[in-house]
Every structure is written in C-alpha cells, then in structure tokens.
Amino acid sequence: MSAFAVLRSSLRTQLRRSAIRAVAGGNVQQHILPSQRMAAIQHRSFSSSPSESHEFQAETRQLLDIVTHSLYTDKEVFLRELVSNASDSLEKLRHMQATGTAIVDPDVPLEIRIELDEVTSTITITDTGIGLTREEMISNLGTIARSGSKNFVQQLQQAATTGVDPSKGIIGRFGVGFYSAFMVGSKVDVRSKSALAENESLSPKVWTSEGTGTYEITDLDEGVRQSRGSSIVIHLKEDYWDFINESRIEKILKRYSNFVGFPIYLNGNRVNTLDAIWTKDPKEVEHDAYVDFYKYIANAVDDPLDIYHFRADAPIDVKALFFIPSFHSEKYGMGRMEPGVSLYSRKVLIESKSPDILPEWLRFVKGVVDSEDLPLAISREKAQDSNLIAKLKRVLTRKFIAHLSKMVKDDKDKFIDEFYREYSFFLKEGICQDYEFQQPLAKLMYFETSRNTGKDLISLDEYIGRMQPEQKDIYYIVSPTREAALNSPYLEAFDKAGVEVLFLFTAIDDFVMANLDQYESRKLVSVEKGDIDLSALKKGEDDEDDDSSSIYKSDRELSPTEVIEFCHWFKMEVGESKVASCTATNRLSTSPAIVTDNESGAMRRMMRLVDTSEGNRDGIPLPKQNVEINPKHPVIVGIYDLKEKEPTLARVLAEQVYDNCLVAAGLLDDSRSMLPRINDLLVCVVNGAKLQGGSKVDDSSSSESDSDNESKPEEGKKE
C-alpha cells in the first residue's frame, strides 16, 4: 500500500473515532455534518432507558460462532440474507393486509432502504414490513436456528384462511441468515416497531448484541425515529470497512437480490429495476422484455437466437427461462465457457452459473432456474439434495432437447443455418459425454453426404429413408475436406454400389461415431473398415464394364499365386515393422491399394496435438497396417513385373504405394518425408521419356535415309 493510501486510511479512522468521542462527551465539533452527528449518536446508543440482558436460548456460544464464522463461504452473502429477511417481513405484512388484518400506516409503501454511513462505519437496512415486538425479538432473534418466517408459513397453512398459497414469496427457512451480520459487524442493533394495529400502543424496541452469546433489549430512545417495520444497523469491523463503498454494495445487491419483489433503495437510489419475468406466464411477457432480460443476465450485446420459457412440476416445481445466444465465444479462442444458468430460490440468487443444473455440454445456454421447493443447504449457497438435483438436471435437459426438436419441426432451415452450424460441436460433445441422451441428440445431427452438397445437410433419419432395402449399416468417412472425401479411394466401392456415405470433417466426429456405435439398431461403420461387403447391393452407374477409367486398367490381372507372391515380397520390402498383412481386394478400381482397419487419421492428429512429451522426435509410433491391393491395377501389375528385372525401382515404387495408402487414410504425419523418393521417381520418369523419345527419333531418321536411298536409283534411272 502506498504512503498516501496509508495516510488517508489513518485520517479516516481518526475522523470516525473523534466524531464518536465528541458526541459521547457532548461536545460536537463544527466540522461534523448533521448526518454524521446523527450516525454518531446512533453508534453510541439508541436508548437511554434501562436495558434487560438475555442469553441466547437453547443454543451455545459455539453454535453462534459456527454460524457467524464458518457457515458461509463468502462474506458478502450477509447482505443477501438480510435483504431476504426484509423481503419476508414485507411479504408477511402484505399477507396480513390481504386477510383484512388492521395495519398501522397502511398507506406507507412496502420497500427496503439501505443507508451507508462512512463516519460511523455502519450499514442500516430498513424495511416497512411486519416489525417485531419485545416477545418476538426474544423468540426469533434470541433463539438461533429458529425461523420466524417458517413458523409464520406453518401457522397460515394450519389456519388455511385463504385460497392463496401462504408460502409464496417467503424466503427464510432456517433462522440463521440474520446472524450472518456478525461475520462483518462487531455489533448489531435491531430497531423495530410492530405493524399490527393491536400493538400500536407498544413502544418501539431496540435489540443489541455483539454476537458473544448475550443480547440486550431496551426501549428505543424517543430521539431516534423508527417507523413501522425494522431497521438493522451493522457496526462494521475495521477489516470490513470497504463494505461502505456504495458501488460495491450496489454490485452485491444486483448480483443476489436484483429480483426481490419489493423496491430496494441504496442511499435513496432504486437498485432493482428488472422484474423476475421467469415467474410470469410466458403469454404475459413481451419479446422486448425477454431481450432486455437476456442482455442483463448474459452481459450480452446481441439478441438471443431463441427463447425457451417453461415450467416443470417433476421432481419439484420449477420455473425456467433459457436463452440460446446468437453466437458463442469458444470458436474465437477465448477459452472454455462457464455454465450460463444460475439457480434461484424465490427470486433470490442461490448459485450463480451453477454447474449442477444443466450438463456441461449445455454451457452455451443462458438463463435462470427458480424453485420455491428446492432443498437448500443452511447457508443457502448450494442445493442440498444431490439426488434431487440430478433428477432435476435430467428433466431440464430432456425438455431442452425436446425444444430443439420442436425447432427442427417448426423451421428446419433456420435450425440448421442458425443453430446447428453454430452449436453442433456442443451436441456432439453431449453424445460423447451423456449416454442417457445419445439417441435424442443423434436425431439432431446433420451431415453432408456423397450425394448432396454442403448446403443441403441431412439427418440420420433421412439417410435411413434413402438407403437401399438391402443396406443394413450406416457408412461414414472422416476427411479434412469435402474434396478429399470425394477423391478418397475408400469411396470407390460405395460409388459403384450406389451407397450413400456420410461426410465428417472434425476430430470430434470420430468420437461421436465411436460413442454412438449404432442408431435405430443400425451399426455406424467407417468406410475404412476391411470387412465391408457390398456384393448384395445393386451396382451404380460406375459399373465394372464402364471404360471411362481405362487408364487404370491393366491388360492382365495377377493370378492368386502371383498375389500371394507379390504380397509376401511387398511385406518384406516395405518392412514387417510397417505391414501387418497384405491381401487382395475387389473393392478398388482406380486406386492400387489401401490400408484398412486402421486407427482414425483425425484422432491421430488430435493425439499429436495433445502430446506434450519432450524429446519425442519420432512422434507417436504408427501401428502396423493391413494393406489391401488391387490385383487389376497397372501399378500393382507393373511392380510385380519389375521386381525381378528392376528390384531397386520396384522397391521404391512399393514404398511409394504404401505411403500413398497412409496419405489416403490421413495417417502420414509428415508428407515431406516422401519428397526424396518422389524426386527419384520423377528422374526415372524423365529419363524413361527421353530414352523413349530418342528411340523414336532414331527410327524416323533411319526410315528417312532408307527412303532416300530407294529414291536415288529411281532418279538415276530417269536420268
């Protein structure tokens, strides 16, 4: 801390202490303002009458110490608890008025006022609610863990005098929230005057305690004004004088109590200006109100893409309001988003951005969930029943997925263009993480295929509807681009058989298909599998008789014996450490060979990204591959013919064929390793072309000289 800051703090402390001493000695200095003088008087005493001292009933000093020092994790929660108590006091009075009970000053508005005094370091929270008599102070404030609000609700439920739910709007339950004031206060005064007309003759009382196990109750001094209701004055400990800061108190109020059903004023200014619109009927809420509320809770500048406002009654009665933003920030590299839904109980914040309300894959959703029946921990900072919360999470997740399905039915194009293209990653994450909702989420997945374009995505249900009757499985290929997928050798057999293939483009798609495994009792099969049999399916337009690719057809085919011989030679030349097996296949037409049953190329690339080991120059070892050759392809036939005549060239060609297979499968970590070999092959091609060109020149020259020789005798004869 700077010297200036230390000096300023010291001067402020001296000013407060001198003000109190001056008032206590009856000699108020001229530099103290009237408001400071009154605060200092309040700090000294609220009563000149004899006081009666009491011990806290039924509880020990140790329990009070636990409540005030160990129960709450955040000191600022004291303000939420005291504002909630004030709200309960106002709610009780409103219920009394509704039942016809005579009230003192019935025209006084129901409100909560908070005043900060820097001179005396006090926070005063005043409500115009039901108030307390002397006996009620002893009963409610003098007994720790006794909730006056809870008793009030129980009495009304037993009486059942009205058809209105008496618990509606009542927040308090445990009777410990009031004592949170001792977390930050060295002394707490409660001034109160009963609002019931039958108690109008009773003088206002002041309850005072330092939280050490005893309290005092006296008549309120006539010089201190106390209207109907209660005022809680917290004399802050020196360590917590920073709570006198008005902007900080306003921030705390907006965080926890912004939707309390009564006006809250801080130093005369209204703080809570937004309504808890999630408690209203959706038909009563205007769209602009939804947009304003979304921008507030999400701290957003955009309008929401979609709004889902509903009420659920199982396992407990909850009101929920969810928003889907028009975009999310993770795609811009801003890190993983926090959960976006906060938990409320009776309009009071219990847990901001709760991780327990929705699954992690729904972290892009913004909104609130509120329940009047939610079982809370005593500190009211967390829900208590973990099993019940887990059930609530499943209910909310199921309803949100159902809402997405409704979006598809209402406007499929909007769902795909605006929601799916923005949030498909989160749905895929849900399939990988949330087994219970795999199938419902799979219905919301959309794909490019070998038949349609990137603009025309189809669902798995649509894919099944377009399948041939004989087709049993759903086929897919993972590729970095659409062009790479269309040119993949793995697609050749499917094109010939007229089988549509799903195109997947990201690493997470591999995890999705592996976790999903099947859809509607149909297996999800990668086209890179080696045991695929398409013989039962009808041929497509590209039949074997089509000679459009005659360049890739050899004048002969390797016999079974030659295939065995070639495969043995290929495995030995390429290396037994690289090739696990080599067999012939009839699924290829324009490609000489492929590798099958291999690990996913996309998954391998992702594994390389997360590999943090030092000094690993060779990267992640590549497992042995199963190679399938096309015995009709001119490259394979040519290599077979060259392996005896030109063994070195044949070996280089075999190595290139193997690397080409890895490239097609996305398994070659660094394609630059092929460059020297490719250059050697290019040299061979160029030299071969030169030799072939030279022989043609020699042949033409000799033919010309022969013709000249033949013409000369004829010319001589003519002569």
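Reader: Where is the place of Ile 324?
Author: Ile 324 belongs to strand 11. Strands are DSSP runs of E with at least two residues, helices are runs of H or I with at least four, and both are numbered from the N terminus. This is a predicted model, in which local features need pLDDT of at least 70, side-chain atom pairs count only at pLDDT 80 or more, and totals for chains, interfaces and linings use all residues. Residues are numbered from 1 along each chain as its sequence is written, and side-chain values use heavy atoms, with hydrogens and water left out.

Reader: Why is Ile 324 called buried?
Author: Buried means under 20% relative accessible area, exposed means over 50%, and partly exposed lies in between (1.4 Å probe, protein chains only). Ile 324 has a value of 1%, so it is buried.

Reader: What does Ile 324 contact beyond its neighbours within four places in sequence?
Author: Its partners include Pro 304, Leu 305, Phe 364, Phe 400, Phe 419 and Tyr 423, where contact means heavy atoms within 4.5 Å. Phe 364 in turn is in contact with residues including Phe 323, Ile 324, Met 337, Phe 400 and Phe 419, again leaving aside neighbours within four places.

Reader: Which residues touch the most other members of the largest nonpolar core?
Author: Among its 108 residues, these are Phe 322, Phe 364, Phe 415, Phe 419, Tyr 475 and Phe 570. Helix 9 (residues 386-410) gives the most to this core, with ten residues. A nonpolar core is a set of buried Ala, Val, Leu, Ile, Met, Phe, Trp, Tyr and Cys residues joined through side-chain atoms within 4.5 Å.

Reader: Why is Ser 194 called buried?
Author: Its relative accessibility is 7%, so Ser 194 counts as buried. Ser 194 is in the loop between strand 4 (185-193) and strand 5 (205-209).

Reader: What makes a polar contact with the side chain of Ser 194?
Author: The side chain of Asn 199 does, at 3.1 Å. A polar contact is a pair of N or O atoms within 3.5 Å; within protein, one must be able to donate a hydrogen and the other to accept it, and residues adjacent in sequence count only if both atoms are side-chain atoms. The Ser 194 side chain also reaches the backbone nitrogen of Leu 196 at 3.4 Å.
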